[in-house]
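User: I would like to go through the helix packing and the sheet in this model. Could you put it up first?

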Amino acid sequence: MLKGTDLMQSHDGAPLFDGLSLTLDDGARAALVGPNGVGKTTLLRLLAGVDAPERGAVALGVGDRASYLPQDVLDPRATIDDLLRRALGEVWEVRLELDAHEHDLTDFDAYGDAQARFEALGGWALEARLDEARRRLAIEHLDRGARLGELSGGEAARCLLASVLLGDPTVLLLDEPTNHLDADGRAWLAEWLEGFDGTLLTVSHDRDFLDATVDRIYELSPEGLEAYEGGYTAYREERARRRERLALVVEAQEKKRKRLEADIAMTARQAQYTERTIPRAIAPKFKRYAKKVAKKSKAREHRLQREMQAETWVRAPREPAAFKVQLESDGGGKRLVAALRGVTVPGVLEGVDLTLHAGDRVALVGPNGSGKSTLLHLLSGRVVPADGDVDVRGETRLLPQVGVAEVPAGTLGGAPVADGAELGLLAWFRAQTSLPEAEARTLLAHYRLGSDAIDRPLARLSPGERARVHVAAIVGGGAELILLDEPTNHLDFDTLEVIEAALRGYRGTLVVATHDRPMIDAIDCERVICVRSRRIEE
């Protein structure tokens, strides 16, 4: 069991949630969803014991062990062995002892003792599980002494996931576990979780993953937690029904309020008219009548105020500020926009040919590490091939996978610009779009990136905020060819649906690398290209 009671937490002095309580019984399979910035990761960290709440308490059941998967790598200096040591404890210490003995076979007795202890702790079965996890998560090629900061973002995230799943927890707290996983990795994780008999709480915006793994969804909003039975599909349908019912109640309530306010105002006017117009001879009698009418008006006003302040008064939920995304492009018939001819990137792609015409909508699929990101970086000019020709004939914009990209030099006042990760959001955004400051601030505010975020370096933004600022840069910069690398990572459902609608209406050329099948369907991709074994197949 996992229980959080009366939790309160703030961010930069502003309350994220107050008085929030949540209980997950043994075997619960639940997800936590909500808009970016509402506090999902904060709540997960509190439940995991990583952070302490400002008020309230978190408790685990007797004998329970919680494992937490963060969205980002916590310590880039840690090695893969460090992760496994923390997750597996004594059994991994004995495994390292065995490794040492195998390199120096001088003490056979100590080696035999280590083997016996390893077997008693279930080490050989664990080895098989570890090998399977490393293979299915595509990290079997990594040296266990490698530091997380030296790996790609996807490799580091998959190493973290492997260590969390192998730690024999009874409570799993996973923050965006499918980010950086390919289709095989996602399928393996869903299968692994199906056999997990403990308690699961995951923050995820992966629609298929939620349908496959959870039977309850908690939506976090400024009003608190609201529970929905079922996976993502059932949640969206029930959420729409609840919003419709709530809208009808709020509408009826608003009509009642206006009717009562009109009645109160009329009664008050009636009292004032009586006071002003009565003849002097009969004034005392009518003045007493006017006072009664005025008193009645005040009583009605106080009663309405009490009703509006009561808990039974229904308030419309505070939805995040709505926004629209419009991507400009003239379409331009079927002229050539870009082409790769015999392109080779050693160890990644070999002799690849690809032609893109105006209006093409292409989905890149394939296992992790197959070269999808490299293909996008070739088209964007970030990677130069060892052999072959790259021919790009229009303005290109790239949404990178990791979320922090380099800033082009020489775009701010004609001077070179430093690494984008350390640059303030506004300066980075202006470097990408060449917009005047006032226009840049307006567009960023449109993407819910206000004064609290505008001066922070990109590295200090949340993953969801970084994703939104990159989408804003694509819109503000304009392009004939848009390249998206795992665009569904870190975006909440509402933002994702807005962006999908914009991409569906975009008339330019679109290439998206994604493992998210619902997105491929939503944006009407006409071409699907599989990248595998250094080749592409359409």
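This is a predicted model: local features need pLDDT of at least 70, side-chain atom pairs count only at pLDDT 80 or more; totals for chains, interfaces and linings use all residues.

User: How do helix 3 and helix 4 cross, and within what distance do their axes come?

Analyst: The axes of helix 3 (residues 90–103) and helix 4 (residues 108–120) cross at roughly 150° and come within 9 Å.

User: Parallel or antiparallel, then?

Analyst: Roughly antiparallel: angles over 145 degrees count as such, and helix 3 and helix 4 are therefore assigned to that class.

User: And which handedness does the crossing have?

Analyst: The crossing of helix 3 past helix 4 is left-handed.

User: Which residues meet there?

Analyst: From helix 3, Val91, Val94, Arg95, Glu97, Leu98, His101 and Glu102 take part. Their counterparts in helix 4 are Ala110, Tyr111, Ala114, Gln115, Arg117 and Phe118. By class, the contact of helix 3 with helix 4 holds seven nonpolar, four charged and two polar residues.

User: Now the sheet. What is the strand order?

Analyst: The sheet is open and has three strands in the order 2-1-4, with antiparallel pairing.

User: Which strands are at the edges?

Analyst: Strand 2 (14–24) and strand 4 (55–60). Each has a single partner strand, so one side of each lacks a neighbour in the sheet. From one strand to the next, the twist averages 20°.

User: How many bridges pair strand 1 with strand 2?

Analyst: Strand 1 (residues 2–11) and strand 2 are paired over seven bridges, in the antiparallel sense.

User: What stands opposite Leu7?

Analyst: Leu7 faces Leu20 in strand 2.

Key:
Residues are numbered from 1 along each chain as its sequence is written. Side-chain values use heavy atoms; hydrogens and water are left out. Axes are lines fitted to C-alpha atoms, for helices over the stretch in contact, and angles run from 0 to 180 degrees between N-to-C directions. Helices (H or I, at least four residues) and strands (E, at least two) are DSSP runs, numbered from the N terminus. Angles under 35 degrees count as roughly parallel, over 145 as roughly antiparallel, 65 to 115 as roughly perpendicular and the rest as oblique. A crossing is left-handed if the near helix is turned anticlockwise from the far one by less than a right angle, and right-handed if clockwise. Contact means heavy atoms within 4.5 Å. Ala, Val, Leu, Ile, Met, Phe, Trp, Tyr, Cys and Pro count as nonpolar, Asp, Glu, Lys and Arg as charged, and the others, Gly among them, as polar. Two strands pair if DSSP finds at least two bridges between them.
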